[in-house]
Amino acid sequence: MSHTLLLVSGREKIINDLSNVCGQAGYKTVTAYHGNDALQILGMRNIDAVICDSTITDIDSYHLCYKIRKSEKLKNIPVILCNGAGNATEAQMANDMGADFFINEKACPETIVARITDFFSKPGKQTGRLNPPEMSTESMLKYNEQLIARLEARNIELHKAKNDL
């Protein structure tokens with residue numbers, strides 16, 4: 001049986017590389033460059049799993065995962081997050097938001113596909129979460145701290161670009 005994967009990334013190269021490797025492994029792929037586009041696709045198509053990295057711009061990957069988990073229609077779709085340096089904080093955040101598993105986004109496409117293949121090959125695998133995650137105060141604080149850090153870094157980039165003009 002061929003599974004259909006929704007690949008969500010803000011970078012075309014990542015989408016192309018991952019789509020090629022997924023296709024070689026026998027998966028069908030659908031792509032989205034933004035989180036809200038991914039939600040629309042999920043509402044219209046039969047998707048077997050979502051793979052999302054941290055480069056989407058309208059909503060971040062954690063929020064996308066959380067929205068999927070909170071949706072009665074979508075909550076059982078497996079979500080794989082590929083974010084940042086793969087540190088323990090990001091892995092815990094992915095778990096808190098309801099991701100089925102977390103992969104360092106610097107992992108090669110072949111590694112990501114191998115994890116997906118392993119996930120689908122397990123007999124009696126549980127797809128998605130049975131219950132949507134409940135955001136604890138601690139998880140929300142970590143999430144907000146991450147957003148603030150990203151905004152501060154982006155602000156520095158913009159000021160530097162402005163000064164370089």
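1. β1 and β3 pair in the parallel sense over four bridges; strands count as paired if DSSP finds at least two bridges between them. Across this pairing, V8 has C52 in β3 as its bridge partner. The model is predicted: local features need pLDDT of at least 70, side-chain atom pairs count only at pLDDT 80 or more, and totals for chains, interfaces and linings use all residues. Residues are numbered from 1 along each chain as its sequence is written, and side-chain values use heavy atoms, with hydrogens and water left out.

2. β3 also pairs with β4, again in the parallel sense and over four bridges. Here the partner of I51 is I80 in β4. Between these two strands the chain passes through α3, and the β-α-β crossover is right-handed. Right-handed is meant as follows: with the strands pointing away from the viewer, the path from the first strand over the helix to the second runs clockwise.

3. How much of β3 is buried? Five of its five residues are, so β3 is largely enclosed by the rest of the structure. Buried stands for under 20% relative accessible area, exposed for over 50%, and partly exposed for what lies in between (1.4 Å probe, protein chains only). On one side of β3 lie A49, I51 and D53, on the other V50 and C52, and both faces are covered.

4. β1 and β2 run parallel and are joined by five bridges. One of the residue pairs is L5 with T29 of β2.

5. Helix α1 spans residues 12–24, and its 13 residues reach 18 Å from the first C-alpha to the last, close to the 18 Å expected at 1.5 Å a residue. The expected span is 1.5 Å times one less than the number of residues. I15, L18, V21 and C22 are the buried residues of α1. They line one face of the helix, because seen down the axis they fall within an arc of 145°, taken from the directions from the helix axis to the C-beta atoms. An α-helix has 3.6 residues a turn, so residues three or four places apart point the same way.

6. What do the buried residues of α1 pack against? They pack against β1 (4–8), β2 (28–32), β3 (49–53) and α5 (109–121). The face of α1 turned away from this buried side carries the exposed residues E12, K13 and Q24. Just after the helix, G26 takes a positive phi of about 95°.

7. The largest nonpolar core has 26 residues, and L6, V8, L42, V50, L64, I68 and L81 touch the most other members. Such a core is a set of buried Ala, Val, Leu, Ile, Met, Phe, Trp, Tyr and Cys residues joined through side-chain atoms within 4.5 Å. A second, separate core of 18 residues includes C22, I51, C82 and V113.

8. H3 sits in the segment before β1 and is buried, with a relative accessible area of 14%. Leaving out residues up to four places away in sequence, H3 touches Y27, K28, D48 and F120, a contact being heavy atoms within 4.5 Å.

9. Overall, the protein has six helices and five strands, where helices (H or I, at least four residues) and strands (E, at least two) are DSSP runs numbered from the N terminus. Of its 165 residues, 39% count as buried.
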